[in-house]
Amino acid sequence: MPTYELSLILRQMPRPELISVLKRTATAIFDKGGVIRKLDNLGTKPLPFKTSVHGLVHRTGSYFVVKFDTPPATVEDLEEEYGRDVDIIRKRIYKADAALQEPVSCTLHEEMLPPAYRKDVQKMLATAARNKKKGFQYNTGLDYYPFQK
C-alpha cells in the first residue's frame with residue numbers, strides 16, 4: 001500500500017470536539033483498510049484569507065497532517081467523505097514520495113561517543129569556523145590607536 005499525506009484544516013472548536021473530529025477522520029481511514037503512520041498537530045493559526053465552506057466564514061483553523069497507508073482505490077472515497085464533513089475547512093491528500101523517506105538507521109553507537117568525536121558535532125564546528133567573521137585590523141603600523149575611543 002502506498003503512503004499518503006492528508007493535510008487538514010479544521011474549524012476552530014473546543015478540544016473535545018476537535019478530538020471527536022480527528023477520531024472521525026481516522027475511523028474513515030481504518031474503515032477503508034488503511035493504517036495511520038503519523039499524526040502531526042501544527043496548531044491553531046489564522047487562515048491566510050477568510051474562507052467560506054458549508055455556508056460559514058472561517059478566519060482561523062487548526063492545522064493537522066496525517067500520514068497513512070491505504071489502497072489507491074480508496075483515496076477518492078476518502079476525499080468525498082471528508083468533503084461532506086462540516087468541521088473540515090480544507091483537505092488535501094498527497095501521495096508521499098518514496099525517495100524522500102530515508103531508511104532509519106540506529107545511531108546509538110555514534111550518540112555514545114564524546115561530543116568531540118561525533119560526526120554531526122564536527123560538521124557544526126566546521127560550519128561555524130567557515131562562517132566566522134574576522135575582526136577589524138587597524139593596519140596603521142602604530143602600537144596604539146591614534147584616535148580616542
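Contact is taken here to mean heavy atoms within 4.5 Å, and helices (H or I, at least four residues) and strands (E, at least two) are DSSP runs numbered from the N terminus. The structure is a predicted model, in which local features need pLDDT of at least 70 and side-chain atom pairs count only at pLDDT 80 or more, whereas totals for chains, interfaces and linings use all residues. Residues are numbered from 1 along each chain as its sequence is written, and side-chain values use heavy atoms, with hydrogens and water left out.

**Helix 2 and its surroundings**

The buried residues of helix 2 pack against strand 1 (3-11), helix 1 (15-31), strand 3 (56-69) and strand 4 (88-95). Burial is judged by relative accessible area, with buried under 20%, exposed over 50% and partly exposed in between (1.4 Å probe, protein chains only). In helix 2 (residues 75-84), V75, L78 and Y82 are buried. They cover an arc of only 60° around the axis, which puts them on the same side of helix 2; the arc is that of the directions from the helix axis to the C-beta atoms. An α-helix has 3.6 residues a turn, so residues three or four places apart point the same way. On the other side of helix 2, E76 and R84 are exposed. Leaving aside neighbours within four places in sequence, Y82 is in contact with L6, T25, A28, I29, I88 and K91.

An open sheet is formed by 4 strands in the order 2-3-1-4, with antiparallel pairing, where two strands pair if DSSP finds at least two bridges between them. Strand 2 (35-53) and strand 4 are the edge strands, each pairing on one side only. Neighbouring strands of this sheet are turned by 15° against each other on average, direction ignored; axes are lines fitted to C-alpha atoms, for helices over the stretch in contact, and angles run from 0 to 180 degrees between N-to-C directions. Strand 2 and strand 3 pair over 13 bridges in the antiparallel sense, and T51 stands opposite H58 in strand 3. Helix 2 lies across strand 1, strand 3 and strand 4, and runs at about 170° to strand 4.

**Nonpolar cores**

A nonpolar core is a set of buried Ala, Val, Leu, Ile, Met, Phe, Trp, Tyr and Cys residues joined through side-chain atoms within 4.5 Å. The largest such core has 18 residues, of which L6, L10, F68, L78, Y82 and I93 touch the most other members. Strand 1, helix 1, strand 3, helix 2 and strand 4 are the elements that give two or more residues to this core, and helix 1 gives the most, with 5 residues. A second, separate core of 5 residues includes I9, L47, V53 and I89.

**Salt bridges**

The whole structure contains 9 salt bridges, each defined as a side-chain nitrogen of Lys or Arg within 4 Å of a carboxyl oxygen of Asp or Glu. The table lists some of them.

| Pair | N to O distance |
|---|---|
| R11 and E17 | 3.6 Å |
| D40 and K38 | 4.0 Å |
| R24 and D87 | 2.8 Å |

R24 lies in helix 1 and D87 in the loop between helix 2 and strand 4, so the pair ties together parts that are 63 residues apart in sequence. Within this pair, R24 is partly exposed at 38% relative accessibility, while D87 is buried at 9%. R11 is partly exposed at 23% relative accessibility, and E17 is partly exposed with a relative accessible area of 37%. For D40, also partly exposed, the relative accessible area is 26%, and for the partly exposed K38 the value is 43%. Salt bridges that share partners join R11, E17, R24, D85 and D87 into one network.
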